[in-house]
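Biologist: I would like to learn how to read a model of this kind. Please take one feature at a time.

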Amino acid sequence: MIEPVSNNRLMFMSNTQAPITQQPFPKSKMYKGKASKRLHVMAKPIGAVCNIDCKYCYYLSKQDLLEYKKDCSPKMNDEMLEAYIRQYIEVQNTPEIIFSWQGGEPTMLGLPYFEKIVEFQKKYQPEGVTISNDLQTNGTLLNDKWCEFLKANNFLVGLSIDGPEMLHNAYRTNRAGKGTFKQVMAAVELLHKHEVRFATLTCVNNLTSQNALEIYRFLRDEVKSPQMQFIPIVEQKSFRTTAPQTWSVNEQPMQGDKRLIPGNANSIMEPWCVSDHAWGNFLITIFDEWVQHDIGKVFVQYFEASLEAWMGRRNPLCTLSDLCGKGLAMEPNGDVFTCDHYVYPEYKIGNIHHDKLDKMAFSKSSKILVLASQER
Ligand code: SF4
């Protein structure tokens with residue numbers, strides 16, 4: 001059965017994995033008699049480590065790029081984990097605090113690690129405040145025990161699935177180059193069996209973009225996805241070593257530049273990316289099906305977000321909003337970056353050992369923090 005989805009908790013994901021959950025817009029800017037304060041961190045307690053090897057992954061290369069590999073264990077230790085949970089709760093003043101867990105593949109940390117997370121959260125949970133968790137996963141390690149835990153603790157799971165078998169397996173492969181579709185469908189079954197709340201994340205690439213209707217119907221009718229998220233895959237060929245927005249003004253390609261079309265000669269984009277036109281056509285095709293048959297039954301995050309903006313509220317998708325910079329990303333050694341898409345040394349804004357998360361989130365030192373200070 002497709003469950004109705006609350007409209008006051010919109011979420012979006014980075015282009016490969018994780019849900020970034022945006023909290024409801026506060027009715028008032030006050031909570032418990034003080035100014036309401038909220039921020040969001042996508043925590044990566046296992047960094048970029050993953051058990052599979054998707055061809056378009058932009059995390060795996062981070063293992064060579066970032067400092068944490070050189071100076072700390074790839075897994076966030078208990079002391080750091082507890083310090084992070086305590087601080088994340090302390091710096092917010094809001095009725096709901098949402099933790100997001102991402103990798104790499106966070107389930108590689110094992111169930112006891114997540115049981116510890118919940119214990120620490122209970123230890124520091126302020127009275128009257130709800131604590132929620134999102135977990136983004138490729139699904140390949142989920143089993144009954146995991147699902148029992150996720151259900152018991154009301155986790156919202158983001159499951160990466162790119163469509164029917166051939167489309168999914170084109171890029172989402174294990175280290176031996178074999179597709180992961182069957183394992184992910186087993187995870188879908190388990191999530192339904194245990195009634196775990198979940199959303200699907202589908203990457204729109206050069207192949208999936210050509211099969212919009214097939215993918216939408218598959219997610220709706222076979223996966224029975226209650227919430228669908230479609231993310232355009234857009235990466236420059238230099239993404240493994242070079243941070244975004246480091247082009248000089250003169251070199252900056254503008255819309256219409258043929259170098260931006262994946263697969264074109266001299267293209268600066270990875271061939272598996274989706275072009276702007278293909279992405280637009282993908283959304284239009286799905287919208288036409290959804291609007292005729294599925295309004296109120298299937299939640300498509302992109303459409304809901306657009307409606308939100310059309311109604312005069314801020315678009316909850318950061319990529320479509322006039323505001324970004326409060327969705328931080330944190331690596332296992334506590335290094336904090338302005339955004340999951342900007343996990344490059346140039347965009348490191350601090351470390352939770354030395355810096356407070358709220359100071360980092362609201363500081364202008366973040367290079368992509370455009371308007372956050374105006375919003376507060
Ligand atoms: S599941 Fe795929 S996209 Fe996600 S971190 Fe692993 S290799 Fe990368």
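**Reading a helix, then a strand**

Modeller: Start with helix H8: at 1.5 Å a residue its twelve residues should span 16 Å, and its end C-alpha atoms are 15 Å apart, which agrees. The expected span is 1.5 Å times one less than the number of residues. Helices (H or I, at least four residues) and strands (E, at least two) are DSSP runs, numbered from the N terminus. This is a predicted model, in which local features need pLDDT of at least 70 and side-chain atom pairs count only at pLDDT 80 or more, while totals for chains, interfaces and linings use all residues. Residues are numbered from 1 along each chain as its sequence is written.

Biologist: How many helices and strands are there in the protein chain?

Modeller: The protein chain has twelve helices and 14 strands.

Biologist: How do I tell which residues of H8 are buried?

Modeller: Count the other C-beta atoms within 10 Å of a residue's own, with C-beta atoms placed from the backbone: 20 or more is buried, 12 or fewer is exposed, and in between is partly exposed. In H8, the buried residues are Ala212, Ile215, Tyr216, Phe218, Leu219, Arg220 and Val223. In the protein chain, 42% of the 376 residues are buried.

Biologist: Is leucine 213 buried or exposed?

Modeller: Leucine 213 lies in helix H8 (residues 212-223), and it counts as exposed because it has 12 C-beta neighbours inside 10 Å.

Biologist: What is leucine 213 in contact with, leaving aside its neighbours within four places in sequence?

Modeller: Two residues are in contact if their C-beta atoms, placed from the backbone, lie within 7 Å. With neighbours within four places left aside, leucine 213 is in contact with Thr285 and Glu289. Leucine 213 and phenylalanine 287 are 74 residues apart along the chain, yet their C-alpha atoms are separated by 9.6 Å.

Biologist: What do the buried residues of H8 pack against?

Modeller: They pack against helix H6 (165-171), helix H7 (181-193), strand E9 (197-204), strand E10 (227-232) and helix H9 (276-293). After H8 comes lysine 224, with a positive phi near 55°.

Biologist: Which residues touch the most other members of the largest nonpolar core?

Modeller: In soluble globular proteins, nonpolar side chains tend to be buried together. A nonpolar core is a set of buried Ala, Val, Leu, Ile, Met, Phe, Trp, Tyr and Cys residues joined through C-beta atoms within 7 Å. The largest one here has 80 residues, of which Val41, Val157, Leu159, Leu191, Leu328 and Phe337 touch the most other members. H8 gives the most to this core, with six residues.

Biologist: On to H9. Which of its residues are buried?

Modeller: The buried residues of H9 are Ala278, Phe282, Leu283 and Ile286. They are on the same side of H9 because they cover an arc of only 130° around the axis; the arc is that of the directions from the helix axis to the C-beta atoms. On the other side of H9, the exposed residues are His277, Ile284, Val291 and Gln292. The cover over the buried residues of H9 includes E9, H8, strand E11 (299-300) and helix H10 (301-310).

Biologist: Now a strand. How many residues of E6 are buried?

Modeller: Five of the six residues of E6 are buried, so the strand is mostly covered. Isoleucine 97 lies in E6 (residues 96-101) and counts as buried because it has 24 C-beta neighbours inside 10 Å. Leaving aside neighbours within four places in sequence, isoleucine 97 is in contact with Ile89, Gln92, Val129 and Ile131.

Biologist: How many bridges join E6 to strand E7?

Modeller: Two strands pair if DSSP finds at least two bridges between them. Six bridges join E6 to strand E7 (residues 130-137), and the two run parallel.

Biologist: What do E6, helix H4 and E7 make?

Modeller: A crossover is right-handed if, with the strands pointing away from the viewer, the path from the first strand over the helix to the second runs clockwise. E6, helix H4 (residues 111-124) and E7 make a right-handed β-α-β unit. Glycine 104 is in the loop between E6 and H4, and the peptide bond to it from glycine 103 is cis, with omega near 10°.
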